[in-house]
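Reader: I'm new to this structure and would like a close look at one part of it. Could you pick a single helix and walk me through where it sits and what surrounds it?

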Amino acid sequence: MENPIPTKADLVATRELISPHIHRTPVLTSRLIDEIAGASVFFKCENFQRMGAFKIRGALSAVLRLSEEDRSKGILTHSSGNFAQAVSLTGQLTDTAAYIVMPQNAPAVKKAAVRTYGGQIIESGNSPTEREEMAAQVARETGGVFIHPSDDLRVILGNSVAAQELIDDIPDLDVIMAPVGGGGLIAGTALAAHHFSDGAMVIGAEPKGADDAYRSLRDGRIYPSENPQTICDGLRTYLGQHNFPIIRKLVEEILLVADEDTLKALRLIYERMKIIVEPSSAIVLAAILSNPHIFAGKRVGLIISGGNVDLNTLCAHW
């Protein structure tokens, strides 16, 4: 029997717990993008969040729930970048040692940010399995408390607060969209829509070259992410046991997006909205532009997940 999904009270309590420590990010619009999309699009801009991404919400939600004894042992995660930064900053804010396992191919800008926040980086191989094996080794060596970037209910609850705020600001949305990598953001978004919106549909966007979540939702079982090939470095991981039941129950569908379409959407955001976002964020706009028949005439909220861009890597694709 599947575990019951978190309650509305759980989401409210989490928002109260983390709100003193985070930014309430703005919701932006663009008349020109609305015209191109044939829909009313509302951008929840987590690129303006502390450390540049929504991930600080989940990290704080997990760490603030730890006992002083547990925090004294340090905190540990594995991440290609944004959650690494989030745990490092959370460690700094709570005076807790932070051990961060990062793949060798993680963007240099994200590794530099982790060091700026005081996180101790331990490099691993590039596959999710190699990350996990190294994190287990570091946990044995340090005693640090492991916090999964996406498959932890405390993290999922923290992630829900972004969509809670969006629904407060724009209560009459037809659709809320989020990128899909490890599943923590879309699971939190779906919980917020379920408990606080007036029937908004939740749709995910995933790279075609890393389509494990699409296949998992289609077939009702979790597929691993094997050799993902996408410019969306934040979306190269796979779903987990805590977020997948929420996704199966509350997410309408996951749309696959080609990297070239994500890059076009990214350029559109840069040129017309004048804000810095990651490819992993632009994918949600790309999903709208690639599927106009789904979104025509609808009011669509997009969770813009972050803005920590490795410009050298990005420019190589342009």
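Author: Here is a walk from the whole protein down to one helix, one of its residues, and then a sheet next on the tour.

Keep in mind that this is a predicted model. The protein has 15 helices and 10 strands. Its radius of gyration is 18 Å, close to the 20 Å that the globule rule gives for 318 residues, so the protein is as compact as a globular protein of that length. Taken along the principal axes, the C-alpha atoms fill a box of roughly 55 × 45 × 35 Å. Of the 318 residues, 59% count as buried. And if you take contacts between residues at least 6 apart in sequence, 72% of them join residues at least 24 apart.

Now for the helix: let's take H3, which covers residues 55-63. Nine of its nine residues are buried, so H3 is largely enclosed by the rest of the structure. The buried residues include Ile 56, Leu 60 and Val 63, but also Lys 55, Arg 57 and Ser 61. What do they pack against? On the helix side, there are H1 (8-18), H4 (68-72), H5 (82-93) and H8 (153-169). On the strand side, there are S2 (40-45) and S3 (75-78).

Let's zoom in on Arg 57, which belongs to H3. Arg 57 counts as buried because its relative accessibility is 0%, and buried means under 20%. Leaving out residues up to four places away in sequence, Arg 57 touches a whole list of others. Among them are Ile 18, Ile 22, His 23 and Thr 25, then Lys 44, Glu 46 and Gln 49. Further along the chain, the list goes on with Gly 158, Asn 159, Val 161, Ala 162 and Glu 165.

S3 belongs to an open sheet of four strands in the order S5-S4-S3-S6, with parallel pairing. Strands S5 (120-124) and S6 (145-146) stand at the edges with a single partner strand each, so one side of each is left without a neighbour in the sheet. S3 itself is joined by four bridges to S4 (residues 98-103), and the two run parallel. For a spot to look at, find His 78, which stands opposite Val 101 in S4.

Conventions: Residues are numbered from 1 along each chain as its sequence is written. This is a predicted model: local features need pLDDT of at least 70, side-chain atom pairs count only at pLDDT 80 or more; totals for chains, interfaces and linings use all residues. Side-chain values use heavy atoms; hydrogens and water are left out. Buried means under 20% relative accessible area, exposed over 50%, partly exposed in between (1.4 Å probe, protein chains only). Contact means heavy atoms within 4.5 Å. The radius of gyration is taken over C-alpha atoms; the globule rule is 2.2 Å times the number of residues to the power 0.38. Two strands pair if DSSP finds at least two bridges between them.
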